[in-house]
Amino acid sequence: MPPSLYHYLPVPMDEVWKDKDRRGFRLLLVTGRLVLLVGVLGMAATLVYFAVKANSEACQDGLRAEQKCHNVTHHLRDQLTRAQETLQDADAACNSTVENLSATLTHMKTQEQKRQEQVQDLKDEVTDLKRKIREAQEAVRQLRNEINACRQMSPKNASSRRAISIGLVPAALLLLGPAALRP
């Protein structure tokens with residue numbers, strides 16, 4: 001005789017497995033919903049926590065400090081822009097001044113070169129005039145020597161001395177005249 005404790009319902013195996021699948025699916029569904037609910041509640045709690053933190057005095061101070069920093073940065077950026085524009089204007093003015101000074105320097109160098117050429121021409125002319133003066137003085141010295149020689153030869157003939165003396169003056173003037181008249 002079979003034991004009385006074991007009592008099985010005569011159910012086909014397909015139905016037993018279907019019932020077990022439904023229970024497993026329901027259990028999975030309920031577990032998923034619970035996990036989702038816990039996740040949503042955790043996120044909501046975290047959101048509330050961060051909302052409270054965001055509205056805290058320290059966070060508000062940080063926002064004010066950030067805004068102040070932004071304002072100072074904007075102000076400094078404007079000042080930098082103005083300084084760069086001023087620097088560009090000054091640079092342009094300096095470039096213009098350098099160009100003007102370069103042109104003036106070139107003009108002054110040209111004038112200096114012309115003056116040096118004029119000075120050299122004048123020095124050459126002075127040298128030439130000195131040479132002519134020496135030549136004229138040498139000619140005068142020779143004429144005086146000739147006059148003295150003539151005087152010594154004939155001291156009795158005074159009229160011829162005067163003629164020679166009168167002849168010397170035009171000769172000296174002729175020698176010195178072209179040099180004196182030269183520009």
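V30 counts as partly exposed because its relative accessibility is 47%. The cut-offs behind that are under 20% relative accessible area for buried, over 50% for exposed, and partly exposed in between, with a 1.4 Å probe and protein chains only. I start with this residue, and then go on to the rest of the model.

Two remarks on the source. This is a predicted model, where local features need pLDDT of at least 70 and side-chain atom pairs count only at pLDDT 80 or more, while totals for chains, interfaces and linings use all residues. Residues are numbered from 1 along each chain as its sequence is written, and side-chain values use heavy atoms, with hydrogens and water left out.

Back to V30. It lies in helix 1, residues 13-54. Helices here are DSSP runs of H or I with at least four residues, strands are runs of E with at least two, and both are numbered from the N terminus. Together with L34, L37 and L41, V30 makes a nonpolar surface patch of about 380 Å². A patch takes residues with over 30% relative accessible area and no salt bridge, joining like charges within 9 Å and nonpolar side chains (Val, Leu, Ile, Met, Phe, Trp, Tyr) within 5 Å.

Now the overall layout. The protein has 3 helices and 0 strands, in the order α-α-α from the N terminus. Of its 183 residues, 4% are buried. The accessible surface is about 16500 Å², and carbon and sulfur atoms account for 63% of that. These areas come from the Shrake-Rupley method with a 1.4 Å probe, and for residues only the protein chains shown count as cover.

How many residues does helix 2 have, and how far does it reach? Helix 2, residues 57-153, has 97 residues and spans 138 Å from its first C-alpha to its last, close to the 144 Å expected at 1.5 Å a residue. The expected span is 1.5 Å times one less than the number of residues. Buried positions in helix 2 include D128, A136, A139 and I147.

Next, charges. Side chains of opposite charge can pair when their charged atoms come close. I call it a salt bridge when a side-chain nitrogen of Lys or Arg is within 4 Å of a carboxyl oxygen of Asp or Glu. The whole structure has 7 of them.

One joins R64 to E57, with 3.3 Å between the closest N and O atoms. R64 is partly exposed at 46% relative accessibility, whereas E57, at 55%, counts as exposed.

Another links R115 and E112, at 3.9 Å from N to O. Both residues are in helix 2, 3 residues apart, which is about one turn of the helix. R115 is partly exposed at 46%, and E112 is partly exposed at 38%.

What is the distance between the closest N and O atoms of R141 and E138? In that salt bridge it is 2.8 Å. R141 and E138 also lie in helix 2, 3 residues apart, about one turn. The relative accessibility is 46% for R141, so that residue counts as partly exposed, and E138, at 36%, is partly exposed as well. Salt bridges with shared partners also join D128, R131, K132 and E135 into one network.

On to aromatics. A pair of rings is described by the distance of the centres and the angle of the planes. Rings of Phe, Tyr and Trp (its six-membered ring) pair if their centres lie within 6.5 Å; planes under 30 degrees apart are stacked, over 60 edge-to-face, and the rest tilted. There is 1 aromatic pair in the structure. Y49 and F50 form it, edge-to-face, with 5.4 Å from centre to centre and 70° between the planes. Y49 is partly exposed, at 46%.

Last, cysteines. A disulfide needs two cysteine sulfur atoms within 2.5 Å, and the count is 0. C69 is partly exposed at 48%, and C94 is partly exposed at 47%.
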